Amino acid sequence: MMNGLEKSDPAIVAVKPANNGARASAEWVEPRAGTEGNTDQARTRRTQSRCSVSPGLDRVRQAARAGKKRRFTALLHHVDVELLEWAYFALKRQAAAGVDGQTWQGYGEDLHSNVQALHRRLHCGGYRALPVRRSYIDKGGGALRPLGITAVEDKVVQRALVEVLNAIYEEDFLEMSYGFRAGRGAHDALDALCVGIGGERVNWILDADIRSYFDTIDQEWLIKMMEHRIGDGRVIRLVRRWLRAGVLEQGKYSVSEQGTPQGAVISPLLANVYLHYVYDLWARQWRERQAKGQMITVRYADDLVVGFEHEADARRFWDELRERLGRFGLELHGLKTRLLEFGRHAAQRRRKRGEGKPQTFKFLGFVFICGRSRAGGFQLKRKTRMDRMRGKLREIEAELRRRMHQTVAEHGRWLRQVVQGYNAYHAVPTNLRAIGTFRYHVANLWRRTLKRRSQRAKVTWKRMDRLLARWLPTPKILHPWPERRFAVKQTQGGSRMP
């Protein structure tokens, strides 16, 4: 055993890349957080309280980069008063109160005294994590999604500790991982997948989904994985307390031995650590040692997309992935996980066999389609998922009903923010028609709302056209083509092509 982990487990021990082994494009195209050339610069940040975050985290980061097997035995002292104050200002202002009834604004009325008292309890062993208050939000279609609401002090400590742990794990996490990481977002993952499919010999796509991932993480395995890098027992005890803090729902208290706390600030990092050892290291090794053809993989949290050149590789990987996840208490979703023929030659091959158009798959709110450019060549197209659009329109309709008796100008200002926010994510190349459709439906909902305000109201489309021209943004593509964005990042000191 090594730090509680099996030596025989290939993803736990150090992995030696294959000689001359090229990294798949979906992994090398994105630069890591903190690009070459500025990694040694001071990274102190000013908080709203004018305190600076300790530069000691730079030394942690450098040590983590220099020694991939190094265990850090002294970390909690980095969680000082200044970092706790910075963590407080990094939280969401309007979040609901936890079980203690404390709000962000209320805690900040005597912030310095509260943070100093929290710091003393944290370092003398008097800090205790409070249970998470469970609430539910509408998921659409009558389904409810559980939401955990953490107490403010727990959020502050967790956010500060995440900052410390990120200094270590951002040096360990692989390029294929995009979810919940500093300097990386959904569009980075989308671009990586587009470049990988368009630039590599991808003929098959494994669209994988882990069933109830955040609820089924094995807590003991998670602690063992963290102990591979974290040797500070105080930090491990904090993580254990948060995992075992329990849930308070309608006056009933319960504790689970599986999963991470719903809605907790530290949960995304813990989830990434778990899949880093369970999936990322294993998938990289599988590609280097077992894949017969080219292979790409992109992971955003628990959403996995893997591309293969050969169908045989894809089916072997699928079988071994199912077994791999099972060893760590995870399971692939039987209905949401599927293998499909996809890529630049998929349409031609299926036409020769007398089959229909290539299947599509969904990733991060978009449908990926094998399409054709105006010149007749292969073009990977992304379209907004219609079910997500309908869900957003239902939210807008409900809010417009609530705002029915506001002025037209107030409606316009709010709807402009909504449409701008929607376009900021969805306005990617090949998706112009979808964002135009969204704007049309928003306009129609607005018109119906204005007509309901009075039986004598005459809201013609001629009048609506004037309102739309004034308040709603004209549909246009806001994001560059993935290849262009990656080319820019490479010239700024990012990852290099193999």
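Reader: Which residues of α5 are buried, and what puts them on the same side of the helix?

Author: In this predicted model, the buried residues of α5 are L111, V115, L118 and L122. Around the axis they cover an arc of only 60°, which puts them on the same side of α5. An α-helix has 3.6 residues a turn, so residues three or four places apart point the same way. The face of α5 turned away from this buried side carries the exposed residues R120 and C124, while the buried residues pack against α3 (81-90), α4 (104-108), α6 (152-169) and α10 (233-243).

Reader: How do you know that the span of helix α5 agrees with what its 14 residues should give?

Author: The expected span is 1.5 Å times one less than the number of residues, which for the 14 residues of α5 (residues 111-124) comes to 20 Å, and the end C-alpha atoms are 20 Å apart, so the two values agree. After α5 comes G125, whose phi is positive, near 90°.

Reader: Why is E320 called partly exposed?

Author: Buried means under 20% relative accessible area and exposed means over 50%; E320 has a relative accessibility of 26%, and therefore counts as partly exposed. This residue lies in helix α12 (residues 311-327) and, leaving aside its neighbours within four places in sequence, is in contact with W282, W286 and Q290.

Reader: What makes the link between E320 and W286 a polar contact?

Author: The cut-off for a pair of N or O atoms is 3.5 Å, and the side chains of E320 and W286 are joined by a polar contact of 2.8 Å. The two residues are 34 apart in sequence, with their C-alpha atoms 9.6 Å apart in space.

Reader: Why is the pair of W282 and F317 called tilted, and what does the pair tie together?

Author: By the rule for aromatic rings, whose centres must lie within 6.5 Å, the count comes to 19 aromatic pairs. W282 and F317 form one that is 5.1 Å centre to centre with 35° between the planes; planes under 30 degrees apart would count as stacked and those over 60 as edge-to-face, so the pair is tilted. W282 lies in helix α11 (residues 267-289) and F317 in helix α12, so the pair ties together parts that are 35 residues apart in sequence.

Technical notes: Residues numbered from 1 in each chain as written. Predicted model: local features only at pLDDT ≥ 70, side-chain atom pairs only at ≥ 80, totals over all residues. Heavy atoms only, no water. Helix = DSSP H or I, 4+ residues; strand = E, 2+ residues; numbered from the N terminus. Buried < 20%, exposed > 50% of the residue type's maximum accessible area, 1.4 Å probe, protein only. Arc of directions from axis to C-beta. Contact = heavy atoms within 4.5 Å. Polar contact = N/O pair within 3.5 Å; in protein donor to acceptor, adjacent residues only side chain to side chain. Phe/Tyr/Trp six-rings, centres within 6.5 Å; stacked < 30°, edge-to-face > 60°.
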